[in-house]
Amino acid sequence: LAATPLYAAPASPADNAAYAALVPAYVLVNADRREGVSLSGPWHYSVDPYRDGQADFLGRPFKVSQTRGADINVEQASRDNPNALYEYDLGRAPLADIPGSWIGYDPQLRYYNGLMWYQKRFDAPAADGKRIFLRFGAADYRATVYLNGQVIGEHEGGFTPFAFDVTDKLRAKDNNLVVAVDSTRTPDTIPPTVTDWETYGGITRDVTLVTTPQTYIDDDFIRLTKDGRIAADVALEGADKADQAVEVSVPALKLMLKGTTGADGRVSLSAKAPAGLKRWSPDTPTLYDVRVTAGADSLSDRIGFRTIEVKGSQIILNGKPLFLRGISLHEEEFGPDPSRRITPEASRALLTEIKTGLHGNFVRLAHYPHSEVTTRMADELGLLVWSEIPVYWSANFTRPETLQAAQKMIAENILRDRNRAAVVIWSVGNETPISDARNHFLGTLAQEAHDLDGSRLISAALNTATSNGPNDISIKDPLAAYLDVIGINTYNGWYGNGTLEDVRKTVWHSDYDKPMIFSEFGAGAKYGYHDPAQQHRFSEDYQASYYKATLEMADHIPFLAGMSPWILKDFRSPRRQNTWQQGWNRKGLLSETGQRKQAFFVLGDYYQKKAGEK
Ligand code: GCB
């Protein structure tokens, strides 16, 4: 792999055309705390499995003026011409409560994967000479956005934000916003067709009209560097972005950084961190009010300062080694019918189970970027975060467009969250089979993540440890050379024929002087099914015994720096249909409604002991 040419990193990403094609047109950093108007709430929705709204009955694509995104008010048009024929009527279609996946408002659509039309009418906020952006927190998987009968843009990728400048496209009254959301996955999408989770198509995160001055702060990256400085890279967008005075202040630390943007609208500032700085950590999740001002624009954020590094096989937070006491989490709120509606309350409930219930300090946000609500909550509660993009299983590693989609996705994820102290690891993929094409694909993403954010660790969840015999495993994946932390998913004792006795005795070797974490291990159990004597699979007892055996194995691995077992709570998966599962992956330590299984206490006790050892 070392000989494979990777993505050529430019000295300054901003100067490089290749980067320009990959990073989003507008970062709109801190968008969730900016001035704006929410468009969340009631939207009409209308299902379109044959894509009739985009092409005629022979599949010939419509011109925009003939699509369902055209600015047609069918009710009005039918009044004007009572004989007019329309086979759709978005303005009188049923109402959905946005954000949220369609199964949240139409349970019949549980396994629907295809095109859905959404429509919202709204009056524009007063422009007052400002710029107005239409921002989507996420729409799963592909979105085409029409405003007042025009296509204003498209976006691929179900879990990252995107925004369009609509300043000149809004009318004062009765704007017609139509979004075609297509949840179809193919072998070329990220993730590909088959995953072990449900798709949850729809407009899944908030939609907002964000207002900014004409020239505004599009991006800032504020952090504590390894050599003890507070650094800020600020990028302005707009006609007056050059030669602007920029100030970054942290009033509680009496810290003020000042500078002037260059011709490219960017400036990099830094100063020695004040002696009184309280570093962010899971035990002390101190956040500071930080204000960035430039010209007429001003942003306020809550930012923590900490460093994260590796040294040999250790992970070092703020200069001290630390064991990651984690768990994996899908983006599903508690309850019998999750619909990916992550509110601060839902996120707090989930993360609190990890932090106080399990005595954890770490969460793997699997298998895609979770809501910014969650990464902010992790900052506030004090939980380290592994953040990943859904390059999963059989992703198409040979197709350049698929690589570009993944590159764009990781850029969008990093640019959204690189001011969150909680996030310490960017992961580029999960359980991908080794091949030259895959090594190049993931190596490229690892390199890009490093270029966009040199202050965090890069990892991937690998399942490609080599077994040298029933109880002897070596890490051989060549991708490990490109990672700061090696993630390994291990399921011995659940998948395969090995017994729990084999698991206990297993010895691990690594060719790399790097930290390894178990990014996954787990076993299924139906809450309430007890079988202490037989220990059949899917009993709580077997799951608890499996955890005990795996933790015993873990204790004998000198280079193990943490773990995020699979998974906090049961989650929906159409692949899981046996009598215990009924459409749920039952590897949760909690049932779908939050009841604790026996294994929850096994891991909680283990972590409590580990926390005491530090
Ligand atoms: C894995 C996958 C995860 C699955 C899990 C399982 O290795 O990364 O997405 O849900 O195993 O339950 O098999």
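This briefing looks at one pair of packed helices and one serine. Keep in mind that the model is predicted. The helices are α3, residues 344-357, and α4, residues 372-381; the serine is Ser270, which sits in strand β17.

**How the two helices pack**

- Two packed helices are described by the angle between their axes and the distance between the axes.
- For α3 and α4, the angle is about 45 degrees and the axes are 9 Å apart.
- That angle makes α3 oblique to α4.
- As for handedness, α3 passes α4 in a right-handed crossing.

**Who touches whom**

- On the α3 side, the residues in contact are Pro344, Ser347, Arg348, Leu351, Thr352 and Lys355.
- Over on α4, they meet Val373, Thr374, Met377, Ala378, Glu380 and Leu381.
- Sort the residues of this contact by class and you get six nonpolar, three polar and three charged.

**Zooming in on Ser270**

- Strand β17 covers residues 266-272, and Ser270 is one of them.
- Ser270 has 35% relative accessibility, so it counts as partly exposed, because that value falls between the 20% cut-off for buried and the 50% cut-off for exposed.
- Skip the neighbours within four places in sequence, and Ser270 is in contact with Arg229, Ile230, Ala231 and Leu257.
- With Arg229 there's also a side-chain link: a polar contact of 3.0 Å joins it to Ser270.
- Gln214 is 56 residues from Ser270 along the chain, and their C-alpha atoms are separated by 26 Å.

Notes
Residues numbered from 1 in each chain as written. Predicted model: local features only at pLDDT ≥ 70, side-chain atom pairs only at ≥ 80, totals over all residues. Heavy atoms only, no water. Axes fitted to C-alpha atoms, helices over the stretch in contact; angles between N-to-C directions. Helix = DSSP H or I, 4+ residues; strand = E, 2+ residues; numbered from the N terminus. Parallel < 35°, antiparallel > 145°, perpendicular 65-115°, else oblique. Left-handed = near helix turned anticlockwise from the far one by under 90°. Contact = heavy atoms within 4.5 Å. Nonpolar A, V, L, I, M, F, W, Y, C, P; charged D, E, K, R; others polar. Buried < 20%, exposed > 50% of the residue type's maximum accessible area, 1.4 Å probe, protein only. Polar contact = N/O pair within 3.5 Å; in protein donor to acceptor, adjacent residues only side chain to side chain.
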